[in-house]
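Reader: I would like to go through this structure with you. May we begin with the charged contacts?

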Amino acid sequence: MTTEFTHHSALSDAVTKNFEATLQTLTELVAIPSIAWESHDLTQVDRSAEAVAALATKAGFDNVRIERATYTTADGTEKQGMPAVIASRPAAEGYPTILLYAHHDVQPAGNLDLWDTDPFVATRKGDRLYGRGAADDKAGILVHLAALAALNETLGEDFKLGVKLFIEGEEEAGSPSFVSFLNTYREELSADYIVVADSANWRAGVPALTTSLRGVASGDIEVRVGSHAIHSGMFGGPMLDAHTLMAQLLATLHDATGAVAVEGLHRAPEPELEYAEADFRNDSGILDTVPLAGTGSVASR
């Protein structure tokens, strides 16, 4: 069923009217160095969560809470995860509930000498805003909240969808407590639909919906070539060490063209979108002398 949305113009006006205020709020969030790595000041992550919770309350969410979950590390140690913000507003009877996800933690700044601007001062250059979290992913938080504010302003009591908020605090650190968090707060996070504001647009000025990702697989691989340690100077000619054999093993995962050579993997249909090689090279920064891997269209790879 197709339903015409008759409030498009009013909604656009509401977004435009509040745009500068939204950017100012984003600027204030960027100023909090919420790096969820133990080598950094984790009190800043708490400070960031408190700021997000305050914004959620201002946006009209009920039951705004800052929560953590405990998890077990590989060596069996019990640890507490970083603070996440959860909130909700109920749906009117017969209407679905949407869960909005983003994360408020950011990557470390790295070598400050390589920055043209202060990483924790949101700096506008032309149509872009530079700073940690200005895109990934404090911008995602403001996209959710600004959209919600515009809908509230435009629709008022006619906005009957239920909305839940889940703003994670450790995504850039690998989300170690994520599974535990979902299990612990399963009921609070249950929804009919999930919108994740942590992906890219097709290109500047062309929005996109990401419906699937390739994902990541990790594991530990052990290669054993001998029963005990030996001296490479005496045995290293005929006997290849584990590191060399592992390199050879990894090399078999791709063929001579760089295409994936693992049998049995699912391959999606050829995409309809075209990604020009020149655009890919410009976006990725790959050197002109480096060939692209694989065959077929760039988008399919």
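**Salt bridges and secondary structure**

Author: In this predicted model, E67 has a relative accessibility of 18% and counts as buried, the cut-off being under 20%.

Reader: Which residue meets E67 in a salt bridge?

Author: R65 does, with N and O 2.9 Å apart. R65 counts as partly exposed, at 21% relative accessibility. A network of salt bridges links R65, E67 and E188.

Reader: How many salt bridges are there by this rule?

Author: The count comes to nine. One of them joins R124 and E20, whose closest N and O atoms are 3.0 Å apart. Because R124 lies in strand β6 and E20 in helix α2, the pair ties together parts that are 104 residues apart in sequence.

Reader: And R203 with D279, what is the N to O distance there?

Author: The distance is 3.9 Å. R203 sits in the loop between β9 and α7, D279 in helix α9, and the two are 76 residues apart.

Reader: Turning to the strands, why is β4 described as largely enclosed?

Author: Five of the six residues of β4 (residues 84–89) are buried, so the rest of the structure largely encloses this strand.

Reader: Which strands pair with β4?

Author: Strand β1 pairs with β4 in the antiparallel sense over four bridges, with I66 opposite V85. Strand β8 is also antiparallel to β4, joined by five bridges; there, S88 has K164 as its bridge partner.

Reader: Finally, what span should helix α4 have?

Author: Its 18 residues, at 1.5 Å a residue, should span 26 Å, and the end C-alpha atoms of α4 are 26 Å apart, which agrees. Just after α4, G156 takes a positive phi of about 60°.

How values were computed
Residues are numbered from 1 along each chain as its sequence is written. This is a predicted model: local features need pLDDT of at least 70, side-chain atom pairs count only at pLDDT 80 or more; totals for chains, interfaces and linings use all residues. Side-chain values use heavy atoms; hydrogens and water are left out. The expected span of a helix is 1.5 Å times one less than its number of residues. Buried means under 20% relative accessible area, exposed over 50%, partly exposed in between (1.4 Å probe, protein chains only). Two strands pair if DSSP finds at least two bridges between them. A salt bridge is a side-chain nitrogen of Lys or Arg within 4 Å of a carboxyl oxygen of Asp or Glu.
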